[in-house]
Amino acid sequence: MTIDFLTNLVGRDELVSRPDHPLLLRGPDALVGVEDSLCAVFEPHSLEERNPAHLATRLIASRLALPRSARTLLVLSRRQESRFAAIANQFSLTTNRSDQSLRLFLRSHDFGQTRPLERETFVAGQKRFDAAMEVTRFAFFLNRRSGESHRPDKSFRDTRVNRRLSLKGLHYDPRNRVVVQGIETSLITAESKNNLIRQVNSTLSGNVLESFDLVEGVPQEKSTYRHSAVASAGEKLLDLRSKEVYAAALTGTAVLFGSKAEVIEETLSHFSERFGKFGAEGV
């Protein structure tokens with residue numbers, strides 16, 4: 001995927017391709033900033049071609065991370081139009097590369113089919129991030145005090161949860177959900193950084209679909225329950241300032257470092273009111 005066609009529509013100093021945002025693992029493909037207008041540009045990736053639910057989660061995370069006034073543009077080819085029809089109206093504009101009105105749209109303040117984030121939504125996002133990081137820090141320091149780690153207890157692997165998550169007719173089946181202390185959590189077993197990023201992305205796709213809806217392109221929380229993800233090799237691959245940890249916290253997911261069952265269980269027990277019990281309404 002390339003967004004080179006945008007250089008024909010805006011100046012090079014008005015375009016950032018593949019922007020690196022500290023809170024996003026999968027953000028927009030480009031940002032266009034013209035005067036006081038900001039537009040996030042999306043084109044489907046191969047992962048999203050296989051399952052458009054991943055584009056919905058990328059949009060939700062981006063809207064939570066970017067300024068409240070950021071607009072969104074989805075660029076599709078003709079063959080992709082039916083594939084992404086379920087969420088096309090959640091972008092300010094959905095069109096193709098040859099659209100003659102693109103230049104005007106990128107320089108406008110037109111939200112089209114969507115609207116800006118309310119201040120309340122932005123404030124709620126800050127609180128959600130802080131709450132997730134509080135849980136992550138608790139587990140991080142508890143794990144440090146507990147001595148050397150070992151592989152996850154077999155009990156983590158024996159309590160798998162099968163769940164289908166849906167948004168706007170899109171579906172995703174997370175494969176790494178388990179139950180610990182009666183609380184549903186995600187298990188990230190990767191022992192290399194690349195695999196860890198892939199597993200975190202998959203985890204966040206499931207958690208975002210479960211936690212948020214899209215209304216006129218704006219993420220709306222569906223549940224007050226939060227999520228956790230146990231990263232068994234987290235102490236080797238991550239720290240408290242890792243982008244993966246921040247990206248998870250943005251969507252309300254606390255990354256729990258280490259593989260010792262007692263650390264995970266004590267953390268989830270300490271914050272149990274935030275997660276809710278498996279099988280309860282909304283979980």
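Contact means heavy atoms within 4.5 Å. Keep that in mind for this tour of a predicted model, where local features need pLDDT of at least 70, side-chain atom pairs count only at pLDDT 80 or more, and totals for chains, interfaces and linings use all residues. Residues are numbered from 1 along each chain as its sequence is written, and side-chain values use heavy atoms, with hydrogens and water left out.

**Stop 1: Leu268**

Select Leu268. Leaving out residues up to four places away in sequence, Leu268 touches Val180, Ile183, Ser228, Leu256 and Phe275.

**Stop 2: the cores**

Now widen the selection. A nonpolar core is a set of buried Ala, Val, Leu, Ile, Met, Phe, Trp, Tyr and Cys residues joined through side-chain atoms within 4.5 Å. Buried means under 20% relative accessible area, with a 1.4 Å probe and protein chains only; exposed is over 50%, and partly exposed is in between.

Which members of the largest core touch the most others? They are Val255, Leu256 and Leu268, out of 32 residues. Elements that each supply at least two residues include helix H6 (193-211), strand E13 (253-257) and helix H9 (261-270). H4 gives the largest share, six residues. Helices (H or I, at least four residues) and strands (E, at least two) are DSSP runs, numbered from the N terminus.

Next, pick Leu64, Ile87, Leu170 and Leu209. They are among the 28 residues of a second, separate core.

**Stop 3: Ser108**

Go to the loop between helix H3 (102-106) and helix H4 (119-145); Ser108 sits there. Is Ser108 buried or exposed? Ser108 counts as buried because its relative accessibility is 18%. Its side chain reaches the backbone oxygen of Phe105 at 2.7 Å. Beyond its neighbours within four places in sequence, Ser108 is in contact with Ser37 and Arg71.

**Stop 4: the pockets**

Rolling a probe the size of a water molecule over the atoms shows where empty space is left. On a 1 Å grid over the protein atoms alone, a pocket is an open set of points where a 1.4 Å probe fits, with protein on both sides within 12 Å along at least five of seven lines; lining residues have an atom within 4 Å of a point.

Select His54, Tyr172, Arg175, Arg198 and Ser202. Of the 15 residues lining the largest pocket, these lie nearest its centre. H6 supplies the largest share of that lining, five residues.

Finish at Pro19, Leu25, Arg26, Gly27 and Pro28. They are the closest to the centre of the second largest pocket, among 13 lining residues.

Note on methods:
A polar contact is a pair of N or O atoms within 3.5 Å; within protein, one must be able to donate a hydrogen and the other to accept it, and residues adjacent in sequence count only if both atoms are side-chain atoms.
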